[in-house]
Amino acid sequence: MTHLTLTARSNRGAGRFADRLFRGSSRLAASVLVALLILIAVLLYLNSRLTWQTFGLAFITGDTWDPVAGIYGAFPFIVGTVLAAGIAVIIAAPIGIFTAIYLSELAPGRLARPLTFMIELLAAIPSVVIGLWGVFILAPFLRGTVEAWIVSVFGWIPFLGGPAYGIGLFSAGIILTIMILPTIVTISREVIGAVPTSQREAMVALGATRWEVIRRAVVPFARSGIIGAVILGLGRALGETMAVTMVIGNKDAIPSTLFDQTQTIASKIATSFSEAQVGIQTSSLIALGLVLLVMTVIMNVIARLLVWRVAGPVAGE
């Protein structure tokens, strides 16, 4: 009896040690990630301090980027980044969510598995390949079809008027849509698949149709994860570089129409950093990187708050 008691105590002690070890290692890993983020932000600030000392907040609101005159403003690139990412999310979110619902709830297994594999495979295509496809195939197609139709039908709206260039903001938004769709579909599908079967069976037992089961039992239970998937897609859209650089036109100006050529923060850094002179120009490009980092963090914080707000009522039901 005493031997069994000692063995039980020994096992409990070993279990507590393992718990403490796991808790400590997890806390350490989380702390390292936070420290890395803070370190990156600090290094970006230190290397861009010359720009902030020279221009201050006028760097963010300025609309002129002139290396010859030594004037640098980030506002056109901030606008281009937000618009391109916004177009991508507006188009990709409904397509991705409905695709995830179809694959999880409606498609037969023999069709859902290969479609899921193909969607996940899309995320493995290098961005430079997608960019080349966008330059030579997508942009000419959009110029003669979708963009021409939008101009002819909605051209009376100022932002939707003007000539269709093919290469520009709209093409960049479509490219980003293609690139973030796998993220939204894959994560949304996993979240929807994790909804307990009892949720569906309860609705069916009450006489609900398949659509009512999806709308009232599945989607409300999974909505926080779906919002998280959309925000992750937005995060990738904000920072995507190569494919966007190849199709957005790289013009240092605030776009006045949906089809204008412009630049994002990432594309501006990619096209200018190799030729930048040491000093205020390099410092300004690094400052652009800091602005992009801050934008991404703010977006993720807002997303987290939205998820908590949306998930709260569900958890309390």
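Tryptophan 65 is buried, with a relative accessible area of 11%, where buried means under 20% relative accessible area, exposed over 50% and partly exposed in between, judged with a 1.4 Å probe and protein chains only. The structure is a predicted model, in which local features need pLDDT of at least 70 and side-chain atom pairs count only at pLDDT 80 or more, while totals for chains, interfaces and linings use all residues. Residues are numbered from 1 along each chain as its sequence is written, and side-chain values use heavy atoms, with hydrogens and water left out.

**Aromatic pairs**

- The structure holds seven aromatic pairs, a pair being two rings of Phe, Tyr or Trp (its six-membered ring) with centres within 6.5 Å, called stacked if the planes are under 30 degrees apart, edge-to-face if over 60 and tilted for the rest.
- One of these pairs joins phenylalanine 55 and tyrosine 72 in an edge-to-face arrangement, at 6.3 Å centre to centre and with 75° between the planes.
- Because phenylalanine 55 lies in helix α2 (residues 49-55) and tyrosine 72 in strand β2 (residues 71-72), this pair ties together parts that are 17 residues apart in sequence.
- Tryptophan 65 and phenylalanine 77 also form an edge-to-face pair, with 5.4 Å from centre to centre and 80° between the planes.
- Tryptophan 65 belongs to strand β1 (residues 65-66) and phenylalanine 77 to helix α4 (residues 75-106), so the pair ties together parts that are twelve residues apart in sequence.
- Ring pairs link Trp52, Phe55, Phe59, Trp65, Tyr72 and Phe77 into a cluster.

**Burial**

- Tyrosine 72 is buried at a relative accessible area of 3%, and phenylalanine 77 counts as buried at 1%.
- Across the protein chain, buried residues make up 37% of the 317 residues.

**Overall fold and dimensions**

- The protein chain has 13 helices and two strands, which are DSSP runs numbered from the N terminus (helices are H or I with at least four residues, strands are E with at least two).
- The radius of gyration of the protein chain is 25 Å, whereas a compact globule of 317 residues would have one near 20 Å; the radius is taken over C-alpha atoms, and the globule rule is 2.2 Å times the number of residues to the power 0.38.
- Taken along the principal axes, the C-alpha atoms fill a box of roughly 90 × 50 × 35 Å.
- Of the contacts in the protein chain with a separation of 6 or more, 72% are between residues 24 or more positions apart, contact meaning heavy atoms within 4.5 Å.
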